[in-house]
Amino acid sequence: MSISAVEVIVAKRDGAELTDAQIRWFLDAYTRGEVAHEQASSLLMAIVFRGLGPRELATWTDAMIRSGERLDLSSVPVPTVDKHSTGGVGDKISLPLCPLVAACGAAVPQLSGRGLGHTGGTLDKLDAIPGFRSDLTGAEFVRQLAGIGAVICAAGAGLAPADGKLYALRDVTGTVESIPLIASSIMSKKIAEGTDALVLDVKVGIGAFMRDRDRALELARTMVGLGEAHGVRTSALLTDMDTPLGRTAGNALEVAESLEVLEGGGPADVVEVTLALAREMLGLAGIDADPAAALADGRAMDRWRAMVRAQGGDPDAPLPVAPLVEEVRAPDAGVVGAVDAFAVGIAAVRLGAGRARREDPVSPSAGVVLRVSPGDRVTAGQVLAELHADDDGHMEAGRAAFDGAIRMGGPPGAPRSRILERVAAP
Ligand code: URA
């Protein structure tokens with residue numbers, strides 16, 4: 001049987017269903033370098049417009065998983081359960097969540113990524129901790145998971161390498177925003193990671209990939225279906241990302257806020273999402289435990305400290321602090337109407353906390369600290385936010401990007417719940 005790349009591209013361009021053989025051949029040939037980038041990008045664009053049917057998506061995801069290794073976590077003595085977020089601004093939830101769920105009796109194998117675009121990445125945040133290593137070998141990863149139950153590190157290149165290549169290509173060819181491509185990209189890595197169960201935090205709103213709730217719901221249902229089809233118990237929470245999560249966006253700033261949560265305090269919305277995801281994860285793992293108690297009595301903090309130490313970090317070392325801090329003040333009295341998550345995310349990147357290109361360095365200390373939330377009454381001259389940067393150039397760029405991020409004119413009152421909806425297998 002001979003298959004050509006052009007034949008596969010033309011079939012999808014014209015709206016045909018691809019055969020399993022065509023999908024497997026194409027992904028395998030592209031991963032091995034036998035299909036050219038321009039041909040793969042044509043097929044991706046055809047998929048953006050034509051979509052993938054359920055059988056095509058199942059085969060596409062399976063081929064991505066089989067492009068690399070599948071980790072064996074069978075030596076871990078307790079149930080494994082992971083969480084994946086589709087990415088947001090101020091989304092530091094993995095930091096308190098991973099040790100919290102471990103403290104409740106599950107093992108959390110968190111393979112995480114770096115920030116790209118306006119959203120932050122968990123590994124960039126952890127890098128702000130002096131000495132912390134996120135480049136563990138597979139053996140170190142499994143040993144720490146079995147011993148401490150909590151590990152957050154980078155996914156090795158051997159895990160779903162087809163996704164590594166395709167994701168880099170999608171990033172530069174306008175082909176990221178496709179539900180089957182996003183779902184297969186995320187789920188191939190999570191299934192290859194070998195976790196027993198998975199909870200997805202699908203962000204919806206201005207600061208998320210999916211601004212529209214119906215599309216976010218479709219993405220969540222698609223990913224839950226893929227997980228269940230591969231024997232991974234999977235559920236999803238849709239959570240609000242119109243406003244940044246918590247009060248900080250920036251690497252060390254978000255570590256500090258996560259420590260507040262692990263100390264039993266922290267912003268109400270970060271605590272709400274952390275506990276909701278922890279309950280969902282423990283439910284899928286079949287563990288009857290109260291995560292709120294584990295936060296309050298210090299067990300989650302103990303597990304955090306053990307995890308940081310195991311990965312070479314010093315949990316007691318001071319976090320880096322930016323040399324320049326500038327306050328943003330309210331020009332007039334009023335009620336805060338909106339804190340725009342996208343604008344805050346872009347401002348944090350321009351201040352130095354994120355990167356425009358994959359190879360750019362990030363500042364551990366730069367970012368935004370918010371002093372108000374939607375619904376807060378403020379007086380003229382009150383501090384609304386702080387901008388943190390390492391130098392004048394970044395401060396200037398961040399200040400320009402932050403302009404208009406906080407809009408006045410809302411009804412007064414407490415912020416609404418972040419949890420919008422739960423999606424589980426039928
Ligand atoms: N995260 C991923 O890993 N893949 C996508 O396609 C989008 C977000």
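**Reading the model**

Modeller: Let us begin with a single residue. Apart from residues up to four places away in sequence, glutamate 280 touches Val199, Ser235, Leu237 and Arg422, where contact means heavy atoms within 4.5 Å. This is a predicted model, in which local features need pLDDT of at least 70 and side-chain atom pairs count only at pLDDT 80 or more, while totals for chains, interfaces and linings use all residues. Residues are numbered from 1 along each chain as its sequence is written, and side-chain values use heavy atoms, with hydrogens and water left out.

Biologist: In which helix is glutamate 280 found, and is this residue buried or exposed?

Modeller: Helices (H or I, at least four residues) and strands (E, at least two) are DSSP runs, numbered from the N terminus. Glutamate 280 is found in helix 12, which covers residues 268-285. Buried means under 20% relative accessible area, exposed over 50%, and partly exposed in between, with a 1.4 Å probe and protein chains only. Glutamate 280 has 11% relative accessibility and therefore counts as buried.

Biologist: How many helices and strands are there in the chain, and what is its radius of gyration?

Modeller: The chain has 16 helices and 13 strands. The radius of gyration is taken over C-alpha atoms, and the globule rule is 2.2 Å times the number of residues to the power 0.38. For this chain of 426 residues the radius is 22 Å, close to the 22 Å from the rule, so the chain is as compact as a globular protein of that length. The C-alpha trace spans about 70 × 45 × 40 Å along its principal axes. Of the 426 residues, 56% are buried. Among contacts with a separation of 6 or more, 79% join residues 24 or more positions apart.

Biologist: To how many disulfides does the count come?

Modeller: A disulfide is a covalent bond between the sulfur atoms of two cysteines. The rule applied here asks for a pair of cysteine sulfur atoms within 2.5 Å, and by this rule the count is zero. Cysteine 98 is in no disulfide, and its nearest cysteine sulfur, that of cysteine 153, is 9.8 Å away. That distance is too far for a bond. Cysteine 98 is buried, with a relative accessible area of 1%, and cysteine 153 is buried at 1% relative accessibility.

Biologist: What is the phi of alanine 160, and where does this residue lie?

Modeller: Most residues other than glycine have a negative phi. Alanine 160 has a positive phi of about 45°, although it is not a glycine. Alanine 160 lies in the loop between strand 3 (150-154) and helix 8 (161-171), and it counts as buried at 2% relative accessibility.

Biologist: Which residues are in contact with serine 185, and which with alanine 347?

Modeller: Neighbours within four places in sequence are again left aside. Serine 185, in helix 9 (residues 179-192), is in contact with Met64, Asp163, Tyr167 and Arg170. Serine 185 is buried, with a relative accessible area of 3%. Alanine 347 belongs to helix 15 (residues 341-353) and is in contact with Val368, Gly398, Ala401 and Phe402. Alanine 347 is buried, with a relative accessible area of 0%.
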